[in-house]
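Open the model in your viewer and keep the sequence panel beside it. This tour tells you what to select at each stop and what you will find there.

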Amino acid sequence: MTAIIPTNCSRSLPDQDQHRKRRQRLRLQQKRHSPLHCMLSMIVVVTTSSLLVRSFSLIATTSSYLTRSFPPGSRNTFTACHKSPFIITTRLQQQEPVIFRSTKTMIMAKMSMLKMTTTTTTTTSDGDDNDTLSSLLGGRNLISIEDCIKASKFSKKGDDGDNDDGVIAERVVFIDASWYHRGGRDGRQEFKNGPRIKGAKYIDMDDIATTKELFPNLNPKGLPHMLPPKELFAATMDALSITNNDHIIIYGKGGCIFTPRTWFLFRSLGHDPSKVHLMQGSLEDYIKEGGDADYEHTDDLVEAKTLDLDGEFSYKARDAMFVVDMDGMKEALEDEEKDPLTSPLILDPRGTTFANGHIPGAIHVRYASIHKPDDALQIKSREELEEIFQTAGVDVQTDRQILCTCGTGVSVCHLVLALEECGRNVMDGKTLIYDGSWAEWGFDPDTPKAVSK
């Protein structure tokens, strides 16, 4: 007997589900092996790999930049944790460590820190809080009124020149060096009465000096305003709360001429020459341009006779350098007789008194020609100064020594300043001032003298 199975017989429900799943797997396998599917898969893999490579590259580059941007000992430090490339630890201005555990969060954090680092280390020209004093003053001798006003915000640092964390802070100290050689004006009294640049100190070149009264053995002739011994200078700096790290900006009131003498004083006694500056203009100009000033009376001035010169000093001074005495000047004249082509040049910046008597062979370069005719507190440009020396027959780059002399060792400092502004290295020992100058030479009966008609 033959069994007949009807063609429209339906499968049971479980069989239908298995058959449907089997067909879905078959279609999926066919798609996976299709050319289009393989191409799309490769594109996804390549794109994902490229993104991962770029992400790790960004992490490595940013990490390297941050490591360089936070030098050892700085307040902002960066430390990469080597246990995992996805964990970094940062400490910003003594804050607690922050841990980022995802790549995206870490990249965003690093970019944020990169922005903070750039803000911390970039200097601007508009005098905002991100300027550093060194970048603003740039080791220059001559500082404009505008830059002096910008620098004045650095005078608000602590008196000890340190931050709370022990890092030495940059600070500026303004020095009023107003001194008058004629006319009866008293720079010390005018400083007491005000106005003065806010927070400024006063140095009297007649008092902070090797006077016969305090140092009879060092100055038996009683010569005026001779450079002080290092003990007096160091004691003065301590009394004025000035440190070796401070930037010094020297200024004077209108009518004052000889602020370069105080500029030379600091450099000669050992202050960093890149941190000793002269303001281009007067106190009155500074106030007119918006600089802060004190107008109250003050008696907070230093007097040499009140200082203890036998103790330990915080300020590190040295014996005066870049000076020559009378014996050195006599030797220069002897050398001139032996070999006039290699002997030292002698320059004298005095005015009309030069003609009445000077050291034989001295070249006359008037100090009044070095500053601007309408403002004695502004030095001329390098081009103008070079022309002045060239006209006088002076090669500022000569290997010969240049010995500078004047009336009392004051205006002579204009010459040193002008020579340096023209590019001469005045710190190599070949440019010296004769501190005794004509006050010593001219009144010594045994020294040769010359006059001009």
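Buried means under 20% relative accessible area, exposed means over 50%, and partly exposed lies in between (1.4 Å probe, protein chains only). This is a predicted model: local features need pLDDT of at least 70, side-chain atom pairs count only at pLDDT 80 or more, and totals for chains, interfaces and linings use all residues. Residues are numbered from 1 along each chain as its sequence is written, and side-chain values use heavy atoms, with hydrogens and water left out.

Now switch to the cartoon view. The secondary structure comes to 14 helices and 17 strands. Helices (H or I, at least four residues) and strands (E, at least two) are DSSP runs, numbered from the N terminus. Next, consider the contacts, where contact means heavy atoms within 4.5 Å. Among contacts between residues at least 6 apart in sequence, 70% join residues at least 24 apart.

**Stop 1: strand E8**

Select residues 247–251, which are strand E8. Five of the five residues are buried, so the strand is largely enclosed by the rest of the structure. Show the side chains. His247, Ile249 and Tyr251 point one way. Ile248 and Ile250 point the other way.

Which strands pair with E8 in the parallel sense? One is E5 (residues 172–176), over five bridges. Another is E9 (residues 276–280), over three bridges. Two strands pair if DSSP finds at least two bridges between them. Look for Asp176 opposite Tyr251. Then find Ile250 opposite Leu278 in E9.

**Stop 2: helix H8**

Select residues 259–268, helix H8. Is this helix enclosed or open? Here 10 of the 10 residues are buried, so H8 is largely enclosed by the rest of the structure. Among them are Arg261, Trp263, Phe266 and Arg267. After H8, click on Gly270: its phi is positive, near 115°.

Show E8, H8 and E9 together. They make a right-handed β-α-β unit. To check the hand, point the strands away from you: right-handed means that the path from the first strand over the helix to the second runs clockwise.

**Stop 3: the nonpolar cores**

A nonpolar core is a set of buried Ala, Val, Leu, Ile, Met, Phe, Trp, Tyr and Cys residues joined through side-chain atoms within 4.5 Å. The largest one has 66 residues. Which residues have the most contacts inside this core? They are Ile250, Phe266 and Phe389. Helix H13 (residues 412–421) gives the largest share of this core, seven residues. Zoom in on Phe389. Leaving out residues up to four places away in sequence, Phe389 touches Leu347, Val365, Val394, Val396, Leu415, Ala418, Leu419 and Cys422. A second, separate core has 20 residues, including Ile143, Phe174, Ile197 and Leu301.

**Stop 4: aromatic pairs**

Rings of Phe, Tyr and Trp (its six-membered ring) pair if their centres lie within 6.5 Å; planes under 30 degrees apart count as stacked, over 60 as edge-to-face and the rest as tilted. The whole structure has seven such pairs. Select Phe191 and Tyr202, a tilted pair at 5.3 Å centre to centre, with 35° between the planes. Phe191 sits in helix H6 (residues 187–193) and Tyr202 in strand E7 (residues 201–202), 11 residues apart. Phe191 counts as buried at 2% relative accessibility. Tyr202 is buried too, at 5%.

Move on to Tyr434 and Trp441. Their ring centres are 6.3 Å apart and their planes are at 85°, so the pair is edge-to-face. Both residues are buried. Then select Trp179, Phe258 and Tyr367, which ring pairs link into a cluster.

Arg196 lies over the face of the Phe191 ring, at 5.2 Å from the ring centre. A charge sits over a ring if NZ of Lys or CZ of Arg is within 6 Å of the ring centre and within 35 degrees of the ring normal.

**Stop 5: the open sheet**

Select five strands in the order E11-E17-E16-E12-E13: they form an open sheet with parallel pairing. E11 (323–324) and E13 (363–364) stand at the edges, each with a single partner strand, so one side of each is left without a neighbour in the sheet. Two bridges join E12 (residues 345–348) to E13. Finish on Asp348, whose bridge partner in E13 is His364.
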